[in-house]
Amino acid sequence: MVVAVAQYAIGAPADFSDFAARVGGRVAGAVQAGANVVVLPEYLALEAAAGQVEEVRADFVRSLAAMQVQHDGYIAMACELAMRHSIYLVAGTFLVDIGGGRYRNRSYFIAPSGKITFQDKLTLTGFERDARVIEAGDELKVFDTEFGRVGIDVCYDIEFPLYARAQVEGGARVILVPSCTDTDAGAHRVRVGCQARALENQVYVACSVTAGEAAWSPALDVNTGRAAIYTPIDRGFPSDGVEIRADEGAQWACAELDLEALDAFKRNAQVANASDWLAQLRPSTMRARVERF
């Protein structure tokens with residue numbers, strides 16, 4: 001499995017065709033680097049809102065409503081890219097109308113065959129709650145690929161250990177994280193979340209990010225973080241748990257992930273974080289006892 005995670009510099013495409021061409025060019029670059037699993041960032045579809053008139057794109061809620069006419073085109077674009085390049089594609093996220101003016105932050109996952117599925121974001125950030133039109137998803141999934149089972153945790157979701165844990169217990173050995181952050185603190189939270197999930201579950205975690213500035217957008221105005229792929233911290237892996245991190249200005253971080261080696265390492269690891277998970281769930285340790293001096 002060769003995974004490429006995007007460090008996607010947000011631009012200002014003139015229309016949806018321009019947006020699709022930008023995305024297609026970026027994906028082609030990842031494929032040229034050898035990727036067969038490509039991860040685009042959270043809120044990717046919002047870049048297409050640059051083509052809206054200024055008073056609409058400057059209003060987040062109006063912009064979401066106006067974007068819905070592009071939904072079918074977005075799906076068609078993602079499916080065509082996955083089939084053309086014979087890749088598994090995490091197509092960023094699209095804030096999709098689920099009825100009644102409510103939206104879900106949905107990450108579509110497309111197989112090389114063109115079959116499409118999705119993972120909704122399960123926990124909302126303050127920005128998303130404050131918009132008052134976005135709902136959290138209500139189902140956690142894992143996905144079978146020809147390389148093995150994977151999970152998708154959208155940005156903030158990677159900061160909560162039980163989502164990834166349930167996916168790993170469901171057979172996932174790679175967690176794919178489309179993200180978008182607008183402060184250094186936010187980027188560090190996602191990075192720490194990714195590394196913590198890789199550590200405690202002894203799996204790979206691959207994180208894509210948005211990059212650059214887009215003053216025209218209330219959601220994508222400032223973008224921080226680095227695309228990276230994280231590993232367990234143990235024998236046979238980097239001592240800092242970072243397989244690769246994109247340089248500033250780079251478009252991709254790409255690495256081959258050996259899932260057979262991942263399974264073999266667990267049999268001879270220095271520590272057994274994943275299998276020792278249950279130790280913290282002993283009844284005697286589930287509640288801290290207060291001792292007073």
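**Figure 1. Salt-bridge network of R104, R106, D120 and D138 in the predicted model.** D138 is exposed because its relative accessible area is 63% (exposed means over 50%, buried under 20% and partly exposed in between, with a 1.4 Å probe and protein chains only). The side chain of D138 meets that of R104 in a salt bridge, 3.4 Å from N to O (a side-chain nitrogen of Lys or Arg within 4 Å of a carboxyl oxygen of Asp or Glu). D138 lies in the loop between strand 7 (134–135) and strand 8 (143–145) and R104 in strand 5, so this pair ties together parts 34 residues apart in sequence. Helices (H or I, at least four residues) and strands (E, at least two) are DSSP runs, numbered from the N terminus. R104 is buried, with a relative accessible area of 14%. This is a predicted model, in which local features need pLDDT of at least 70 and side-chain atom pairs count only at pLDDT 80 or more, whereas totals for chains, interfaces and linings use all residues. Residues are numbered from 1 along each chain as its sequence is written, and side-chain values use heavy atoms, with hydrogens and water left out.

**Figure 2. D120 and its salt bridges with R104 and R106.** Side chains of opposite charge can pair when their charged atoms come close. Between D120 and R104, the closest N and O atoms are 3.5 Å apart; D120 belongs to strand 6 (residues 116–120) and R104 to strand 5 (residues 102–110), 16 residues away. The D120–R106 bridge has an N to O distance of 2.7 Å, and its partners, in strand 6 and strand 5, are 14 residues apart. D120 counts as buried because its relative accessibility is 4%, and R106 is likewise buried at 13%. The structure holds 14 salt bridges.

**Figure 3. The largest pocket, with about 310 Å³ of space.** Of its 19 lining residues, T125, F127, C180, T181 and D182 are the closest to the centre. Helix 5 (126–131) and helix 7 (184–201) are the elements that give two or more residues to the lining, and helix 7 has the largest share, three residues. By class, the lining comprises eight nonpolar, four polar and seven charged residues. Ala, Val, Leu, Ile, Met, Phe, Trp, Tyr, Cys and Pro count as nonpolar, Asp, Glu, Lys and Arg as charged, and the others, Gly among them, as polar. On a 1 Å grid over the protein atoms alone, a pocket is an open set of points with protein on both sides within 12 Å along at least five of seven lines, a cavity is a set where a 1.4 Å probe fits but cannot get out, and lining residues have an atom within 4 Å of a point. Grid points are joined across faces, edges and corners, and a volume is the space filled by probe spheres set on the points.

**Figure 4. The largest cavity, with a volume of about 50 Å³.** A search of the whole structure finds one cavity of 30 Å³ or more. Its lining is formed by L46, A49, R57, F60, S63, W216, S217, P218 and A219, of which six are nonpolar, two polar and one charged.

**Figure 5. Positive phi values at S86 and C155.** S86, with phi near 55°, lies in the loop between helix 4 (71–85) and strand 3 (88–90). C155, with phi near 45°, is found in the loop between strand 9 (148–152) and helix 6 (161–169). C155 is buried, with a relative accessible area of 4%.
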